[in-house]
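Please take a moment with the sequence and the model that follow, and then read on for a guided walk through them.

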Amino acid sequence: MFLTTLKTISPLQTLLLAILTIFTITTTASPLPQLHPRALPPTLVPPPSSLPPPPSGLVLKRVLLGLGTQNYTCATSTTASAPKSNGALATLHDLSPLLLPVKPMTAVAALAPLVPPLALARAAESSYTTAASLLGLPSSGTHFFDAAGAPNFVLSGGAEVFRGKLQARTPAVVPAGGSAAPAVDWLILADAGGSRGSLVGGVVYRVWTAGGVVPASCEGLGKEVGVGYAAVYWVYGKPSGDDDDDD
């Protein structure tokens, strides 16, 4: 069962979506170049929050849009049951085309915080595939929870894997002009073991979240509940020789 807390798109969001669409059409008219992790500007840092800064020695490898569902389970379909968290499932899309200064419209980077609510609103209208396609963001991998309940991020066809555990969390910060709908917390994940490639010992931030909040009760819901969400993930890893490889 699919639920979402975003039902409509405001006029401002519609305008910003149009700007993003125009931008992505101009940047994807020809195939996007292979992007190296080191191509991301070193001045890029996660947005301000109470979360701790990235550990020294790590470098920013990816900035990704996650678009999917926060999942919950219900014992019964009554108010007596409270939904319990059952991980998440999302497709990851590379936000680098909006962040790399390869086009005159570099100011579009300032719109990156608005991508999650825009993408989620579009997904609620049609589908996740349509939302990602409209925004022109290339697919980069998947995010899911394994049997042990650990969040996994599988990138580069499995060559790069991050398996995390919660390190810290903070209430979501709603970006200016974005949806005021409830959103899942911002958080930082530390390496829980089982990571691969340059992401061993890395960290992942989940910020600029939209949607995904647990329903108030299980009344009227099935045993499995998926609540639509979107978020931006900042992925940090080791500055190894992998930086010279194509993704």
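For what follows, Ala, Val, Leu, Ile, Met, Phe, Trp, Tyr, Cys and Pro count as nonpolar, Asp, Glu, Lys and Arg count as charged, and the others, Gly among them, count as polar. The model shown here is a predicted one.

We begin with the protein chain as a whole, which has 4 helices and 9 strands, and which, when read along the sequence, follows the pattern β-α-β-β-α-α-α-β-β-β-β-β-β. The chain has 247 residues, of which 49% count as buried, while its accessible surface comes to about 11100 Å², with 60% of that area belonging to carbon and sulfur atoms. Among the contacts in the chain with a separation of 6 or more, 74% are accounted for by residues 24 or more positions apart.

The largest nonpolar core has 24 residues, and the members that touch the most others are Leu95, Tyr205 and Trp234. At least two residues of this core are supplied by each of β2, α3 (115–125), β7, β8 (203–211) and β9 (224–237), and β8 gives the most, with 5 residues. Returning to Leu95, and leaving aside its neighbours within four places in sequence, we find it in contact with Val63, Leu64, Leu65, Val115, Leu137 and Val232.

The largest pocket holds about 410 Å³ of space. It is lined by 23 residues, and those closest to its centre are Gln70, Phe145, Arg169, Leu187 and Arg206. Two or more lining residues come from each of the elements β2 (59–73), β3 (84–94), β4 (139–145), β5 (151–155), β6 (160–170) and β7 (186–191), and the largest share, 4 residues, comes from β3. Sorted by class, the lining has 13 nonpolar, 6 polar and 4 charged residues.

Leaving aside its neighbours within four places in sequence, lysine 84 is in contact with Asn71, Tyr72 and Thr73. As for threonine 73, it stands 11 residues from lysine 84 in sequence, and the two are 5.3 Å apart in space, C-alpha to C-alpha.

How values were computed: Residues are numbered from 1 along each chain as its sequence is written. This is a predicted model: local features need pLDDT of at least 70, side-chain atom pairs count only at pLDDT 80 or more; totals for chains, interfaces and linings use all residues. Side-chain values use heavy atoms; hydrogens and water are left out. On a 1 Å grid over the protein atoms alone, a cavity is a set of points where a 1.4 Å probe fits but cannot get out, and a pocket is an open set with protein on both sides within 12 Å along at least five of seven lines; lining residues have an atom within 4 Å of a point. Grid points are joined across faces, edges and corners, and a volume is the space filled by probe spheres set on the points. A nonpolar core is a set of buried Ala, Val, Leu, Ile, Met, Phe, Trp, Tyr and Cys residues joined through side-chain atoms within 4.5 Å. Buried means under 20% relative accessible area, exposed over 50%, partly exposed in between (1.4 Å probe, protein chains only). Contact means heavy atoms within 4.5 Å. Accessible areas come from the Shrake-Rupley method with a 1.4 Å probe; for residues, only the protein chains shown count as cover.
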